[in-house]
Amino acid sequence: MFGQNIQDYFRVFLVLWMYFYAQSAAQLSYSVSEEVNKGTVIGNIVKDLNLNLQDLNTRDLRIVSTYSKTFFDVNRRTGALFVNERIDREELCPSLAKCSLEIQTVLNNPMNVHRIEIIVLDINDNSPRFSDAIHSINIYESSTQGDRYLLPVAEDSDTGNNALKTYRLSPNEYFSLDVQSGGEHDVSAELVLQKALDREKQPTIKLILTAVDGGKPPRTGTTNLVINIIDVNDNAPTFEKSLYKSSLKENAPVGTVVIKLNAKDADEGVNGKVIYSLIKRSTLDLSNIFLLDPETGEITVKGKLDFEQTPAFEVRVQATDFGHSPRSSHTKLLIEIIDVNDNIPAITITSLMSPVKEDAELGTIVALIRVSDRDGGNNGVTHCQVLGSVPFKLTSNYKNDYSLVVDGPLDREDTPEYNVSITASDEGSPPLSSIRVITVHVSDVNDNAPRFTAPVINFYVKENSATGSMLCSANALDADLDNNAKVSYTIVNSYNRNIPTTAAVNINSETGEIVSLQTFNFEELKTFQFKVQATDSGVPPLSSNVTVNVFILDENDNSPTILAPYSEHGSVNSESIPYSAEAGYFVAKIRAVDADSGYNALLSYHLSEPKGNNLFRIGTSTGEIRTKRRMSDNDLKTHPLVVLVCDNGEPSLSATVTIDVVVVESTADIQTQFRHVPIKENSFSDLNLYLLIAIVAVSVIFLLSLITLIAVRCHRTESSLSRYSAPMITTHPDGSWSYSKSTQQYDVCFSSDTLKSDVVVFPAPFPPVDAELISINGGDTFSRTQTLPSTDKKH
């Protein structure tokens with residue numbers, strides 16, 4: 001009873017040990033008989049691997065193997081592993097005691113690999129088979145009781161209990177059967193003579209030899225034995241040994257001596273001369289591999305030896321004399337083939353997950369790799385590694401099974417594909433190695449936003465340009481591929497003077513070309529700004545912006561305008577001068593303005609009528625009409641003058657005004673619309689009061705404008721203000737002021753004429769372009785000029 005308890009405890013311990021060993025090995029093992037029907041369930045991997053049934057679909061379960069057929073598959077609804085193809089053990093594992101198939105299950109997200117070993121169990125589906133249907137044996141009639149004769153060997157493709165077990169001989173009175181089990185070798189049988197033979201009574205004996213396997217029920221195979229009774233030859237050749245052993249390296253060249261056999265015959269003459277021959281006992285024809293010298297008994301290498309195919313040979317040699325009734329004997333030769341390192345490791349890619357996303361995490365499986373070496377011992381022990389500096393490495397799953405995983409960051413824009421070199425080497429002497437190159441493609445993800453070629457785009461457009469004309473093109477580049485690099489353009493809506501930008505310009509969403517939706521008027525809008533956004537088509541989309549500055553360029557589209565009092569429509573303009581007026585006498589001043597700017601607003605004054613008049617002249621820049629000489633009696637009393645005011649644009653625009661100058665005898669008769677000549681110097685007229693008020697008002701406006709301008713400029717350049725010199729205001733002898741900084745200059749001009757009250761300030765609304773000349777009130781002009789550092793310039 002006590003012993004029974006010990007046995008029970010031992011069984012429990014053995015079961016627990018096997019369970020924990022299987023768990024630590026992370027490998028499942030099933031068994032299935034060969035030739036089972038398709039669909040036969042051999043196990044449930046969901047239960048055995050502790051998986052959820054829905055993982056089979058969500059994680060894309062796959063069965064990976066190196067076999068040409070898909071022997072097994074998984075039912076995704078139940079998790080059952082079932083047979084998918086016919087399994088023939090003899091075809092898969094010929095001559096092997098244990099036959100197993102190895103497959104791998106691969107699950108994604110995250111990637112897991114499980115190894116499954118399926119042992120294929122043998123069934124008794126093959127009968128023993130002899131190589132020849134008829135086998136002839138020559139036996140001398142003088143043979144004595146107990147003489148033995150070697151019989152042919154049957155072959156059975158099955159293994160284990162289903163393999164060949166014994167032989168049976170049909171009933172007869174002369175022979176019995178001695179069955180011998182060679183242990184690790186095949187079962188053989190010998191014919192034993194039990195009764196003396198009489199050739200004259202019975203020259204031929206026919207028997208049936210039956211080979212029986214161990215299956216249930218057993219299967220059999222037969223061959224016909226034809227025994228020829230031969231006349232007497234007293235002595236048969238005899239070998240020194242009944243069993244010879246020899247070893248030979250598998251790379252032994254042709255002609256290498258294996259062994260030299262020697263059989264002796266006690267007879268004399270031709271009865272004592274021996275000839276050697278190979279006995280064919282199976283389907284393997286040894287005469288193609290070894291050469292036996294029939295006279296000397298020397299066996300040499302004839303064909304190619306391969307340890308991986310046949311590690312040992314069993315050779316049967318027969319010695320026969322030359323007697324009239326030849327007699328023979330046989331011996332067994334076991335030749336062991338010694339392995340040499342003649343097979344390089346083979347690298348097999350069982351599964352390649354390419355392309356790999358460039359944002360793949362570390363440890364993501366890229367490929368499953370198996371390394372095999374047909375050699376044995378240390379010659380078949382392999383090591384595998386990745387060559388070079390690549391963001392991949394090998395991790396060992398099981399013996400000779402590896403996973404190629406991501407070991408560093410991937411960037412498709414830098415390296416779109418990798419040629420990963422994998423080397424496998426064995427431990428032979430010298431070691432052999434092989435290299436397999438795997439091309440891993442890196443797929444794109446949307447990790448790059450579009451980038452404009454410049455952070456700011458400045459462009460200039462002439463006013464009055466036609467609607468729909470292309471202004472500029474905003475181009476952005478995206479380093480990604482396909483939809484991730486497909487860029488579309490939009491205008492970020494903004495307002496300029498309460499007018500949306502989208503009402504002024506439009507952008508082609510595909511090309512980035514910006515076109516105008518309206519004509520621009522420089523006098524109403526000189527510049528405006530908006531942003532263009534470039535967005536790719538990735539998921540999620542990425543975008544970037546660029547600032548676009550639009551500068552309107554002035555065109556000469558405004559004619560000069562004559563100011564009062566000469567601008568009144570339909571009025572008759574006349575001025576009077578005394579007959580005694582000296583040369584240079586002031587007659588009148590024509591004032592005009594132009595709504596344009598720059599050179600388009602630079603005005604000049606000319607007298608166009610009458611021709612040949614040499615009494616009056618006009619200042620081309622001031623518009624002041626003065627006498628050129630004293631009056632003479634030949635001069636007319638009324639002089640009609642036509643004043644032409646022209647701007648400096650291309651083409652030039654102009655305006656005219658007509659003034660009749662009347663010559664009077666005395667200054668008392670002079671009346672002018674512009675001024676009353678004071679009778680007394682100390683009198684203070686209403687006109688002087690108006691002029692004083694105007695000058696004071698203009699001066700205050702000028703000072704406020706100057707202060708505002710300085711504050712704005714300081715605010716815009718406060719980050720770099722310390723690098724420049726302080727602004728400076730300089731007065732000049734002609735009464736003008738200049739305001740200068742190290743990089744820009746503003747001029748202020750006052751006319752020396754007491755009747756003129758023009759004040760001019762020069763701002764800088766645009767980036768540096770060609771110099772502009774601007775005319776304001778009465779023809780006084782100014783210009784804005786880009787100057788070199790620390791250079792002041794007065795206009």
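**A strand, its partners and a cavity**

Biologist: Which residue in β7 does Gln104 stand opposite?

Modeller: This is a predicted model, numbered from 1 along each chain, with local features needing pLDDT of at least 70 and side-chain atom pairs 80 or more, while totals for chains, interfaces and linings use all residues. Side-chain values use heavy atoms, without hydrogens or water. Strands (DSSP E runs of at least two residues, numbered from the N terminus) β6 and β7, residues 112-121, run antiparallel with eight bridges. In that pairing (at least two DSSP bridges), Gln104 faces Arg115.

Biologist: And which residue of the β6–β7 hairpin takes a positive phi?

Modeller: Four residues sit between the two strands. The phi near 55 degrees belongs to Asn109.

Biologist: What stands opposite Ile63 in β6?

Modeller: Strand β3 (residues 62-64) runs antiparallel to β6, joined by three bridges. Across from Ile63 is Thr105.

Biologist: How many of β6's eight residues are buried?

Modeller: Buried means under 20% relative accessible area with a 1.4 Å probe, protein chains only. β6 spans residues 100-107 and is mostly covered. The buried count is six.

Biologist: How many charged residues line the second largest cavity?

Modeller: A cavity is a set of 1 Å grid points where a 1.4 Å probe fits but cannot get out, and lining residues have an atom within 4 Å of a point. This one is about 50 Å³, and its lining includes Val64, Gln104, Arg370 and Asp401. With Asp, Glu, Lys and Arg counted as charged, the lining has one nonpolar residue and four polar ones, and the charged number three.

Note on methods:
On a 1 Å grid over the protein atoms alone, a cavity is a set of points where a 1.4 Å probe fits but cannot get out, and a pocket is an open set with protein on both sides within 12 Å along at least five of seven lines; lining residues have an atom within 4 Å of a point. Grid points are joined across faces, edges and corners, and a volume is the space filled by probe spheres set on the points. Buried means under 20% relative accessible area, exposed over 50%, partly exposed in between (1.4 Å probe, protein chains only).
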